[in-house]
Each structure stands twice: as C-alpha cells, then as structure tokens.
Amino acid sequence: MPSHVLPRSRILGTGHYLPPTVRTNLDLEKMVDTSDTWITERTGIRERRIAHDGLVTSDMAANAAKNALDAAGVRAEQLDMIIVGTVTGDMPMPATAAFVQQKIGAPSCPAFDLSAACAGFVFGLSIADQFIRTGQLRHILVVGVELLSRVLDWTDRSTCVLFGDGAGAAVLGPSDARESDAKPRGVLSTAIHTDGALATSLWIPGGGSVNPTSHATVDQKLQYVHMKGQDIFKVAVKNLLATSRDALERAGMTKTDIDWVCAHQANKRIIDQVVSRVEVPAEKVLMNIDRVGNTSSASIPILLDENVRAGRVKAGDTVLMCALGAGISWGSAIVRM
Ligand code: ACO
C-alpha cells in the first residue's frame, strides 16, 4: 500500500524576544496603591518586561521572527505570508506586518495584522494552517507581539499590574507526516471564536472612528486599556474550558494524549481552574506568568519557545494551546511538535 503524505501544516521553528528591562511588583508598589502580595495572590505575576524608549512593536516582532526562522532553517526570502497578531501595533496604518517584512528582509508577500488580542496567535496559527493545508502557500510566519506598556494608564492599579511587553513567533510549513505514521507531527486541530457581547468589557475606546483622538479623549484617558476584570475572568474560565475540550474532540484525543498545556498567561487562577477541570496534571502545564505577566497575543509563542529552547517540549510532543482576550475572541489548537 502506498503511504501518502498528509495535507497538514507543522511548526518548523519558534522564537521569542523579551525586552531586557524588568519591572517588579515592588517597583509597582512605588507607582500605584498596590502590593506584591495582592498582585501575586490574585494573578501569579511577580515581574514583567517593559520596552525601553525607542524600541517599537515591529522591532520586537522582527527579533522573535528572526529567531523562529533560524530555528526552522527557513530563510526570510522563502516566506509566502506574514501574519502579525497585535493590538498594539507601530501605528494605525499601515500594518505592523509591513514593517516586520522590511526588518527581516522578507520578499513581497501578503503581510497583515490580525486583531484578536490575547487570542491573536491561535487565530494566526489557524489561518496559516488553512493556507498550508490546502497547498496554496508553503512557509508562513505567525507572530504574536504586544507593547502594552504604552497603552496602559500607569495610575490605574486595576490594569497596569497585569501586562507586559514581548514577542513570540512560529514559522509554519508543510508537514512531511505520512498516513502510516502512528503519531504524525503537525497542527492536528484548531478552533477560533468571537462573541461581541462583551466587546466593551476590555477595550481601548479612543483613537478610532468612535472617539477620534482629541484633547478631550486624551483628558478622559480613552487611549488606554479599560477593563471589567471580573467579567473577563468568568468568561475566560468557561470558554477556555469549552474550547480545550473541543480541541481534544476535534483531534480525536483525550486528556491523556496531551504532553503539555500551553495556555495564554493571563492569570494563574484562570489557568489553574481550567486545567483542573480538563483534568491535566499540574506538571504538564507550562507557566511563565510569574516572570512575564500577560503579554496578550505574544503569550503562547513566548511560553512555547522558552520551553522548546529549554529542551522541555520536544519533537513529537503533543501541545494543547488555548487563549481568550478582548473581543471577546478565543480559540484553541492541538499541535504535535
Ligand atoms: N492592587 C491592590 N488592590 C487592587 C488592585 C491592585 N493592583 N487592583 C484592584 N484592587 C482592589 C479593587 O479596587 C478591589 O477593592 P475593593 O474591594 O475595596 O473595591 C479589590 O482589589 C478586588 O478587586 P476585584 O476586581 O474584585 O479583584 P479580582 O479578584 O477580580 O482580581 C483581576 C482582579 C486580577 C483583574 C481579575 O479579575 C482578573 O484576572 N480578571 C481577568 C482579566 C484579565 O486577565 N485580563 C487580561 C486580558 S484578558 C485575558 O488575557 C484573559
């Protein structure tokens, strides 16, 4: 019997970039009425990285992308598409992806931004998977990058303690997995969703057509992140649980098939509640929220790349990814590395 190559995409390499400046909870105690104890107990965050002056979103994205290309053994000239998940781009127009294309030396290819907030990387992975699976494109760069420190109100303790800056990236290409492989490598399932009913529970209300930037919008601080934290917390646990179960079902798997959970690092309590209900043991749950905070769309690819480079996540391991953020948008993926 001939053994056919499966039409499937695979993560060929990953990379990440974190700016060097560390801002600890103790630093924040000097800026707003908060405490290390409150932040650690409510979120699991101890410190986060903050981009220095002059460093912009596309710089961080390009650094992560170059690392991912090196790891994949793919040259920038071979890229057929660049997808940049971000809600904190260089500027409203053009796409940050256009600057990334220039900075990494990629050729003319479609390059666009994707606004799904914390779910941006999973959305990008799903889109890249469709193009590669259908044979239309070969090599796609998916980046998740956020420079949230420049859209935070550093006098608002309810938001400024949560987020950090950084970038993560993956290069996807065709899998050479065959039907006869017992455990074929590649993207095994993806699912993405949006429900606008909670669109105003997490938003940056200024700077668009609703509230064009003016002295008045700046006085009202509409250029900053505004959030109803408890609304997001409740829906995050519910939807991440549902989408994780859905991802397993779509891939024809059960919890015992999962080697690693690589969940969006929003809040340790959200992750703990989801994984305890999916019933995956704690030692299989990757975490870095204590060191990097919530980096939104960059969260999953940073976490994944750190663990690939540390030799923890290995070729052939099965990873469950899940994320939820503003929109609200959420999604999941199961990838055999
Ligand atoms: N330091 C000290 N006290 C604070 C702080 C702070 N940084 N922030 C809020 N408080 C106070 C509040 O004012 C309130 O005081 P009060 O009781 O006197 O009114 C008290 O702490 C409790 O506030 P809550 O908002 O009820 O705190 P909660 O336990 O819900 O935790 C948090 C807040 C951490 C934001 C939580 O709701 C959460 O994680 N929500 C999910 C939101 C999230 O992660 N968003 C990120 C983007 S979306 C995503 O990535 C999933």
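Asn307 lies in helix α11, residues 299-309; helices (H or I, at least four residues) and strands (E, at least two) are DSSP runs, numbered from the N terminus. The model is predicted, so local features need pLDDT of at least 70 and side-chain atom pairs count only at pLDDT 80 or more, while totals for chains, interfaces and linings use all residues. Residues are numbered from 1 along each chain as its sequence is written, and side-chain values use heavy atoms, with hydrogens and water left out.

With a relative accessible area of 8%, Asn307 is buried (buried means under 20% relative accessible area, exposed over 50%, partly exposed in between, with a 1.4 Å probe and protein chains only). Apart from residues up to four places away in sequence, Asn307 touches Leu286, Arg312 and Val313, where contact means heavy atoms within 4.5 Å. Ser244, in helix α8, is also buried, at 1% relative accessibility. With the residues up to four places away in sequence again left out, Ser244 touches Val274, Val278, Leu320 and Cys322.

## Nonpolar cores

A nonpolar core is a set of buried Ala, Val, Leu, Ile, Met, Phe, Trp, Tyr and Cys residues joined through side-chain atoms within 4.5 Å. The largest one has 43 residues, and Leu240, Val261, Ile270, Leu324 and Ile334 have the most contacts inside it. At least two residues of this core come from each of α8 (229-250), β11 (260-263), α9 (268-278), β12 (318-325) and β13 (329-336). The most is given by α8, with nine residues.

Beyond its neighbours within four places in sequence, Leu324 is in contact with Cys118, Ile232, Val235, Ala236, Asn239, Leu240, His264, Ser329 and Trp330. A second, separate core of 31 residues includes Ala116, Phe123, Val187 and Val319.

## Ligand site

The ligand is surrounded by 22 residues, of which Thr34, Arg42, Gln230, His264 and Asn267 are the closest; a residue counts as near a molecule or strand if one of its heavy atoms lies within 4 Å of it.

Polar contacts are pairs of N or O atoms within 3.5 Å; within protein, one must be able to donate a hydrogen and the other to accept it, and residues adjacent in sequence count only if both atoms are side-chain atoms. An N or O atom in the side chain of Thr34 is 2.6 Å from a nitrogen atom of the ligand. Arg157 places a backbone N or O atom 2.9 Å from a ligand nitrogen atom, and Gln230 has a polar side-chain atom 2.5 Å from a ligand oxygen atom. On its own the ligand has 990 Å² of accessible area, and the protein covers 74% of this (Shrake-Rupley method with a 1.4 Å probe; for residues, only the protein chains shown count as cover).

## Cysteines

The structure holds zero disulfides, a disulfide being a pair of cysteine sulfur atoms within 2.5 Å. Cys160 is buried, with a relative accessible area of 0%, and Cys262 counts as buried at 0% relative accessibility.

## Backbone geometry

The peptide bond from Met93 to Pro94 is cis, with omega near 0 degrees; Pro94 sits in the loop between β4 (81-85) and α4 (96-104). Another cis peptide bond runs from Gly327 to Ile328, with omega near -15 degrees, and Ile328 is in the loop between β12 and β13.

Ala117 is not a glycine but has a positive phi, near 50 degrees. Ala117 belongs to the loop between β5 (111-114) and α5 (120-133) and counts as buried at 6% relative accessibility.
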